[in-house]
Every structure is written in structure tokens, then in C-alpha cells.
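Thank you all for coming. I would like to walk you through one structure, beginning with a pair of helices and then turning to the core.

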Amino acid sequence: MKYFLTTILFFSIFSVRSQTSDSLKVNMKNSFKKEDFELCLSYAKQILDAGVENKDTADIIQAYYYLGYASQKIGDMNDGMKYSTLCYELASAIDDKEIVSSALNNIGNIYMVNKQDSVALVYFNKSLEIERELGRKQNQATRLGNISSAYIKLGELDKALESAKQGLELDLEIGRKDKIAIRYNQLGNVYLFMKKPNEALDCQNNAFEYFKKAGSNYGMAITSHAIGDIYDQMLDYPSCKHYYLQALDYAQKINNRLLIEKIYKSLYGFSRNFEPAFSLKYYELYTALKDSIFDAENRQLLQDFQVKYESKKKELEIERQNTAIRETKVEFRVTMILIILLTIIIILLIIYIKSVKNKQHILSNINEIKDRMLSIISHDLKNPAIAERNVLYQLKKNHKNLPDEETNKILDTVINSSETQIGLLNNLLEWTQLQIGKTEFALINFDLTSCIKDNIALFYNQLSMKNISISFDEKEKKMAFSDINIISTVVRNLISNAIKYSHEGGNIEITITDYSPEKYKVAVTDHGIGMPQSIIEDLRSEYKVSTRPGTSGEPGNGIGLGICKRLLLLIKEAPEIESETGKGSTFSFTLNKKQQ
């Protein structure tokens, strides 16, 4: 028989809860704490019936949780897996992360009992990840303890010890005495497998005292059994037999079949060489009980859940990749629209200028602008756009077969290329306005520090792609008197230029210093490939710019620094260039301080 969550979800209705319903929940939780798991199951079934009748999702989830957990505690792994799976699926449907975490933890325990420890570890780690996201330290301690137990069974004892210690530290910090006992028990189990019986015995004795004060038969059963294991390792068989029988007595008081089965196995195992009749008795009891705990139905439930969990995880990963592809397509379309708009603007400019009086002179200038722009559009914009399109087609065709790392690398490259093209479009528009004398400016007081800081933020992706850092003191506020749009454009182009010609892993410094009592000096320094003196002289005398490619092959379009110079001259400020081949460059300019 298989159990599936109905496709019709129950949704909570807002109604006044009766005193009877509240009492059932209190009794259910109290009976679980008192380890009366049979009574807890009875209350949980009543709450489930009422929840279904009232269509109360919260009550149904809570009932499923306790039905699964209490069933697991008494060793009924069929019902434990069935109800834990229903709890997980319904909690996932309403995105209740707290319950999802608890259900995954319980399911992990069932897989571990079924000797599927590596699978159990997956669910424990996922539950721990959710608990860290929720900030619940007490549950993190529980998950770490379970992870430790899984690592023990996998033979990874160093990892088991680390997880057990972390869990104990958290519970000691929180002060939960009952949980401290469990953590000591789990740490003692690690020491036992590391063949450190004295350390193991200290931990288990500490755990037993905590459980004894709390009156926990379950806790005293697991620690007595663990102490018996220690004496078995020490070859002290009388003490071993005493603690195994003591553990059996506590386990039978709570009718925990799983614990009883483990103790039966230990009793026949340690005594078979010197008490054959005693050993045979417990071997027969162990065999009869073992077959009833994990049957074919339960193993099928485990297999079904694993398949559904992995399928859901794969669906989420595919959706994430599809979302990234859709976002990249949108950026590509925006870039193409900007190219078309820019082409229209150029055509309109040509028509407009043809109507002006000095037609010949103006046409000569506009043709030069047109040729320059068309050259940039056909080379710096068209070729990368075609390359991006081809990459996106290949990504769409092969994304299911590509590993995540390769997919993300391709998407980062396309996004970075798109951002570079958008920056070039902005420069083209600014350059066009300068050529036709349409650039206007307005001098105002503004926060120069914030202006530079905001422009640095625009280059986050480019900086990340080349692992470049920017040093800038943004703490001291400095006011300036100039045109904020012009200064932003200049700073943006200088930062872009510095990134382009910096080596990967390099650093860029931006400084604001006092140039004179009336002026600041803003400088952008990189430590990249630098420029020879011949190019510097060209830049100073003719306002030419280098079209050399950047350190990662970025194209040099030849207009960025030209825009900076023209804009600074417009507001009567002068740019300066200092550079040395192989050591980097510094571009600086002055501007007025705050107007008094």
C-alpha cells in the first residue's frame, strides 16, 4: 500500500477553537514529553479527525507530525514513515519551513534505522540548513547530534566528533538539560567507536544522571545500552550483561520495539561464546522482532519518498536555470532596442543638420560623426550582440546537460558583455550631444563623496568578474560646486577605463584631495598596463584616446576619455594624465569646492 498526499489541499478557516480541541493538543504534547507514546498517538488521531472535518491545515500538519514522531519512537517504522511523509508534503505545500525541517529530520532518522546512512545524512544536513536560516539554535543542536550519529555509521569519526561537540556546545549554551543528556550520549558513542572507553564512559554516565533526574525511561534505556557496549569493548562481561538487562527493562516500560530489538541483538551477541543458552534465547527474540520493524511496505515507502524528493529538487534547479536565461534574454532585447533607437537618432540628426545654413561645413562634421558611430555600432555593438545571441541559443539548447558552474560562467559573461554595451551606448549619446553642441549644464552644490560612491556601485559586476577592488574613503563628506551630471559621467568613464586596463585581482584607488583653498583634486589610479609617453602626448595635445583592448580583451572604442576632456573643458576644468608602461595610470581633474 502506498500513501499519497491528495491534490486537494486543506486551507485553514478562521474559527474559534473549542476548549476540547485545545485540551487535546496540550494532552498530546504532554504525553509525548512523558514518553507515553501510545497515548500521544491516540490524541493525535483525534486531532487529525477533527482537522479533516474542519478543514484546518494547521491541525492536520500538527497531527501528522506527532503521529510520525510517536510511531517512530515506539519502533513502528511503517506509520512513522507514512505520517512523516504526509507531514513533509503538506508543510512544503504551504511553505512552513519549521515543520518541513522537523519532518526531514524525522525522515532522516527512519532512513538511518533502515541502514541508509548516506541518504539520512542528506536530510539531516538539509534540515540543519533550514534551522540555521531560521536561527533556531536548539534545533541546530539536535540536527548536529543526528549528523554525528550518521557519520559514526559511515565510519567518518573525525566528522562525527566535530558535529557531536558542536551540538553539545549549543545545548550547554541554551541550558536544555534533557537535550544536554542526549548530546552527551551521542558524544560518548563517538568516543566508543574511536576506542576511547574512558572518555565514552564519562559521557554516558553524565547523560544517565541527566535522564535519571528527568525520569526519562527512553533516555536511561539508550544510555544503559551504550554503557553496556563500553564494558563489552573493555571485555568486562558481567558489567556488560548488567547494563544490557537494565536497558531492556527501561525499554520495555515504554514498549519501544526498536530499542528492544537493538538490546536483544546486543544480549545474544556478547554472550554467545560463554552462555549459549542465554544467547540463543535473545537471538530468537531479536529475529522475531526485527522482521516486524522493517517490512517490504516500509522499504517501498522509503524508496518512493527518495524518488519524489530528488525529482522535486531537480525541477527547482531547472526552473532556476530557466529564470536566469529569461533574464538574460530581456537584457539582450533592451540592448538591441537601444541600438535601434540610437540609429534613429543619428538619422534624425542628419536630417536636422541638413536644414541649417552652413550646410557644407555641418554635413562634413555630421558625416564624420555618422562614420564614427556606424563603425562603433557595426563593430563594438553588432559583433558582441551576435556573439551573445549565439551563446544564448547554445545555452537554451544544451542547458540541461551543462553543470551549474559552466552555466553560471556563461551567463556571467553574457551579462558583463551586455553591461559593457549599455555603457557604450550612454557614451555614444553623450558624445553625439557634445558634437552638435547640445550639452547643457547647471552648477549646483552637491555631495561629491556620495556622487563617487554611487558611481562605484554601478560597476559591481565588472569588478567581480575581474576580482578588482576599489579603495575610496567614503566616510568624510565633501561638498563641491559644479554640474553633478557632468561629474558623474566623467567619474563613471574613468572608473570604467581603470577596470578595463587593470589586471585581474588588482586594486583601483579613488581620492579627493585639497588642490587649493578653492578647489578639490579628484584622482582615479590603476596599477594596470599603463601607456607609453607617445600616447600620453597625443591625449594632451589632440584629445585622442587609445583604442587598445583591455587586459581581458575588452574592446577600446576610442570615445570614453574624449568625452571626459570635452565635458571638463565645458565647465572650465582641466584633466591631467600620468602613466607609465607596465605600472598603471592616474587620471585626475579639479573642481570647485562648496560655494560660500
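A crossing is called left-handed if the near helix is turned anticlockwise from the far one by less than a right angle, and right-handed if clockwise. What we have here is a predicted model, in which local features need pLDDT of at least 70 and side-chain atom pairs count only at pLDDT 80 or more, while totals for chains, interfaces and linings use all residues. Residues are numbered from 1 along each chain as its sequence is written, and side-chain values use heavy atoms, with hydrogens and water left out.

The chain comes to 22 helices and seven strands, these being DSSP runs numbered from the N terminus (helices H or I, at least four residues; strands E, at least two). Helix 10, residues 197-214, and helix 11, residues 217-233, cross in the left-handed sense, and their axes come within 9 Å at a crossing of roughly 160 degrees. The two are therefore roughly antiparallel, a term for angles over 145 degrees.

Turning to the interior, 47% of the 596 residues are buried, that is, under 20% relative accessible area with a 1.4 Å probe, protein chains only. In the largest nonpolar core, of 90 residues, Tyr64 and Leu267 touch the most other members; such a core is a set of buried Ala, Val, Leu, Ile, Met, Phe, Trp, Tyr and Cys residues joined through side-chain atoms within 4.5 Å. Helix 3, residues 57-73, gives the most to this core, with nine residues.

Definitions and conventions
Axes are lines fitted to C-alpha atoms, for helices over the stretch in contact, and angles run from 0 to 180 degrees between N-to-C directions. Angles under 35 degrees count as roughly parallel, over 145 as roughly antiparallel, 65 to 115 as roughly perpendicular and the rest as oblique. Buried means under 20% relative accessible area, exposed over 50%, partly exposed in between (1.4 Å probe, protein chains only).
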